Amino acid sequence: MDIQTLHLGAGLVILIVVNIILGSLSALFVKAFDWNRLVEGALKGFIVIVCFAATYFVGYINPNVVAINITGIELNILNAIQIVVLAGYYYYAKQVIVKLTSMVNGSLYVDDIIQGHKKSENDNQ
């Protein structure tokens, strides 16, 4: 098993869990918490994790089977799932960063930060 893919997969699992926790906290803060949504999110996360692991295993035990052809580049299941895990990692990393930023009332945009700083300086005068 490729250790880099293992690390990436573990990171994806952590990001999915953190995303669920932050989403639940956000809902709790605005008094819109819903146990059903939490359970659905946790179940979705669990199913995604199991499916990634199962598909990776299939690719690992059958490394020479071409699964997909993307613009002339042939990928086996193992390479394809590595790309999907990486895409999932980026997606959930962005979701977590956005949620963390909003929890500290911050902004992801430098212009917003600069404008907010200028506004607070004007308020102090």
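**Notes on the helix packing in this predicted model**

1. Start with the pair H1 and H3: helix H1 (residues 3-29) packs against helix H3 (residues 77-103) at an angle of about 30°, and their axes lie 8 Å apart. Here the axes are lines fitted to C-alpha atoms, for helices over the stretch in contact, with angles running from 0 to 180 degrees between N-to-C directions. The crossing of H1 and H3 is left-handed, meaning the near helix is turned anticlockwise from the far one by less than a right angle. Sorted by type, the residues of this contact come to 16 nonpolar, 9 polar and 1 charged; Tyr counts as nonpolar and Gly as polar in that scheme, while Asp, Glu, Lys and Arg are the charged ones.

2. A word on where this comes from: the model is predicted, so local features need pLDDT of at least 70 and side-chain atom pairs pLDDT 80 or more, while totals for chains, interfaces and linings use all residues. Numbering starts from 1 along each chain as its sequence is written, and side-chain values use heavy atoms, with hydrogens and water left out.

3. Overall, the protein chain has 4 helices and 2 strands, in the order α-α-β-β-α-α from the N terminus. Helices (H or I, at least four residues) and strands (E, at least two) are DSSP runs. Of the 125 residues, 18% count as buried (under 20% relative accessible area; exposed is over 50%, partly exposed in between, with a 1.4 Å probe and protein chains only).

4. Now look at Tyr89 in H3. Tyr89 is partly exposed, with a relative accessible area of 28%. Leaving aside residues up to four places away in sequence, Tyr89 touches Leu8, Gly11, Leu12 and Leu15, where contact means heavy atoms within 4.5 Å. Tyr89 and Ile16 sit 73 residues apart in sequence, yet their C-alpha atoms are 8.7 Å apart in space.

5. Ser24 belongs to H1. Is Ser24 buried or exposed? Ser24 counts as buried because its relative accessibility is 16%. Its contacts, not counting residues up to four places away in sequence, are Phe33 and Leu38.

6. Helix H2 (residues 35-61) passes a simple length check: at 1.5 Å a residue its 27 residues should span 39 Å, and the end C-alpha atoms are 39 Å apart, which agrees. That expected span is 1.5 Å times one less than the number of residues. Gly45, Phe52, Tyr56 and Gly59 are buried in H2, and the cover over the buried residues of H2 includes H1 and H3.
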